[in-house]
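Please consider the structure shown below. The paragraphs that follow lead from one residue to the whole chain, and then to its annotated regions and several individual positions.

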Amino acid sequence: MKRIIWVFFFTLVAFQLSAKKFYHIESPDKMISLKVYITDKVEYTVSHGEDTVLEKSPVSMSLTDETGFGVNPVLRKAEIKTVKEYIDAPIYKKKVVADIYNGLLLKFRGDYALEFRVYDDGVAYRFISEKKVSFCVQNEQAVFNFPKQSKAYVAYVRENGYHADNRGNKGTFEEQFFKSFVNTYSYMNLSDWNPKRLAFMPLLVELGHGKKVCLTEADLLNYPGMYLNNSGDSDTLEGVFAPYPRTVKQGGVENMQEVVLTRENYIAKCEGRTNFPWRTLIVSVKDAELANSDMVYRLSTPNQLEDLSWIKPGKAAWEWWNSCSLYGVDFIAGINNETYKYYIRFAADNNLEYIVIDAGWYKGTDILDVVDELDLKELVEYGRERNVGIVLWTGSYPFMQNIEKVCKHYSAIGIKGFKIDFMDRDDQSMVNFHYSAAKTAAKYKLIIDFHGTYKPTGLNRTCPNVLTFEAVQGLEHMKWAAPNVDQVTYDVTMPYIRMVAGPLDYTQGAMRNASKRNYRPVNSEPMSQGTRCRQLAEYVIFESPFSMLCDSPSAYMKETECTDFIAGIPVVWDTTLALNGEITKFLTLARKKENVWYVASINNWDIRSIELDLSFLGEGNFKAEIFRDGLNADKVARDYKREVVDIPSERKLSFTMAPGGGYIMKIFKD
């Protein structure tokens, strides 16, 4: 179901200003305006209505042969196009994605082009190389000059590692180039940015009149990811890129990682014709719009897999978060077949598609040498008989040593996929590893969960066997986080920023729930911050085609009412609607699968009452199965109330959430 309309105009909207050229295009709804200026450099501005989004900002690339893109540009040709396309999205938060924009393609002497697209919800640009020979990119100039006194929600790389320069082997950001892409957000003036620290994307900038801009990138293939830095007392952000690794060694966490020893004086090696990543500015008038953005999906390379029929999204029982804390069983729980058979039986009883076997199932760093306590073939057969697949965790280094052999071997046994961890880099070499791992896994019909990685940039569209990514401060942090770590506020901030980029491996589902004053870290029997209903609601709020039931089967068996409800929530959707929300405060989403709607909301630490407009349901009589915070959920966070109600004919429904609370309902035809 695709419809495409192309309309081309050639240089008709180019205004000659002496030696300058000026191009102006607007979004289809005329609200967003892009202006491109070509002099001895290329600059662009973005506005929304009467408000400036981006002041004049230059873009260019420098190559190691002392040439460049966007440096003393000589324009050969300009094309303007209008595109209207509907993209089939088989494993996503909606079945069809609208791709409607006005585009500008500028072709320059020197065999390169610069492409802009203007959507109703933002602007994107990328360089395109049309060279016939290979080349190296020394650096990229990606500058974002925001209006003065802009504020931002910034996720710094967790630790400092700053020295004077950001290229080469001496004086680098090297320590910050090798870190997890996980942190909470600091709300600050852009001018107060610590110049010694990098931030990872997405990053959210707050403009005037309630408008916000989410800055990220899309279609990151064969190129390093972009960090952001503000090197001066200004409102200007600049892209920073990890140079290409020259020498590496095995090391890091339990020798599970590839550690960079030295780097080249360039950031990327390219083979002639190259489409570079999109730099995207997603503009919102209402905060909730960000939580339903399709920008990254639209801009990414389309599906490259011929057959998708074998890809099975779903939920998994998972033992790592709950430390195999089974009780009331007649065996010692741990890394052994009896334990995993128990998880398989639990998964089968609750119609879960998978179990995940996490760290400790192979010896040392040899992924082909399984520990003596496990018989994987027996477990695979036991799961097959019960329609439960097995996904294996692995560190990145053991997996990357022989991707083909590993995938072929475990696919032949009957393993269904891998959860790959501890990449913790996004230089070109590591980005290429992600693509290689995805393509090779697909060859052997294996799904992939990239844990310990950078934010998604659309690889889940290009290789749909890649179901989810971490790059989020998920529930695992509650195993060790100090009581002053505010996960509840993070949960109502992150969907407006990180989730804009794509699905996230958050690992919700805790049955031990704590109020703000009762939370404490307990590694072997962890708890969540906030209420039980919050945990249920997160299965709708947080997007992921592969999600975990993180708690112990023993806990779920005692809480069958909640477990049955969680198990029945879909992981891919036909429709998603953003109903209401405000960053750091709350968010309400509605998602539909076939004829059933799920509506969910999560809250910060305030008591909050919300009235929902359910007019999107259309005609007919509807009922709703509702889980709401109990009257004492502010003190006893596991307190909840389940009820089945009729949806009023006026389609209005009100509810109240406790501090750290949540609300979820399943709506179906009466």
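Is Ile 667 buried or exposed? The model is a predicted one, and in it Ile 667 has a relative accessible area of 0%. Because buried means under 20% relative accessible area, Ile 667 counts as buried. This residue belongs to strand 39, which runs over residues 662–669. Leaving out residues up to four places away in sequence, Ile 667 touches Asn 595, Val 596, Trp 597 and Val 599, together with Leu 614, Leu 617, Phe 622, Lys 623, Ala 624 and Ile 647. Gly 389 stands 278 residues from Ile 667 along the chain, and the C-alpha atoms of the two are separated by 30 Å.

The overall fold comes next. The protein chain contains 12 helices and 39 strands. Its radius of gyration is 25 Å, close to the 26 Å that the globule rule gives for 670 residues, so the chain is as compact as a globular protein of that length. Along the principal axes, the C-alpha atoms fill a box of roughly 85 × 60 × 45 Å. Buried residues make up 62% of the 670 in the protein chain. When contacts between residues at least 6 apart in sequence are considered, 72% join residues at least 24 apart.

Two annotated regions deserve attention. In an unreviewed UniProt entry, the annotation "domain: Glycosyl-hydrolase 97 catalytic" covers residues 320–472. Over this span the chain is 39% helix and 16% strand, with its end C-alpha atoms 17 Å apart. The unreviewed entry also carries the annotation "domain: Glycosyl-hydrolase 97 C-terminal oligomerisation", which covers residues 572–667. Residues 572–667 are 0% helix and 59% strand, and the end C-alpha atoms of this span lie 17 Å apart.

Glu 43 is placed in strand 5, which comprises residues 42–48. With a relative accessibility of 11%, Glu 43 counts as buried. Apart from residues up to four places away in sequence, Glu 43 touches Lys 35, Val 36 and Tyr 37, and also Lys 56, Ser 57 and Pro 58.

Which peptide bond is cis, with omega near 0 degrees? The bond in question leads from Met 201 to Pro 202. Pro 202 occupies the loop between strand 14 (199–200) and strand 15 (203–206).

Positive phi values can be examined at two loop positions. Lys 445 is a residue other than glycine, yet its phi is positive, near 55 degrees. Its place is in the loop between helix 7 (428–443) and strand 27 (447–450). Lys 445 is partly exposed, its relative accessible area being 48%. Thr 507, likewise not a glycine, has a positive phi of about 65 degrees. Thr 507 sits in the loop between helix 9 and strand 29 (513–514). At 2% relative accessibility, Thr 507 counts as buried.

Two further loop residues conclude the tour. Ala 481 is located in the loop between strand 28 (466–469) and helix 9 (487–491). Its relative accessibility of 8% means that Ala 481 counts as buried. Beyond its neighbours within four places in sequence, Ala 481 is in contact with Tyr 519 and Pro 521. Ala 481 and Pro 521 are 40 residues apart in sequence, and their C-alpha atoms are 5.9 Å apart in space.

Pro 545 is found in the loop that joins helix 10 (532–541) to strand 31 (546–549). This proline counts as buried at 5% relative accessibility. Setting aside residues up to four places away in sequence, Pro 545 touches Ile 91, Pro 313, Gly 314, Leu 467, Pro 503, Val 571 and Val 572. Thr 216 lies 329 residues from Pro 545 along the chain, and 21 Å separates the C-alpha atoms of the two.

Conventions
Residues numbered from 1 in each chain as written. Predicted model: local features only at pLDDT ≥ 70, side-chain atom pairs only at ≥ 80, totals over all residues. Heavy atoms only, no water. UniProt positions renumbered as here; feature names shortened; annotations may be inferred. Helix = DSSP H or I, 4+ residues; strand = E, 2+ residues; numbered from the N terminus. Rg over C-alpha atoms; globule rule 2.2 N^0.38 Å. Buried < 20%, exposed > 50% of the residue type's maximum accessible area, 1.4 Å probe, protein only. Contact = heavy atoms within 4.5 Å.
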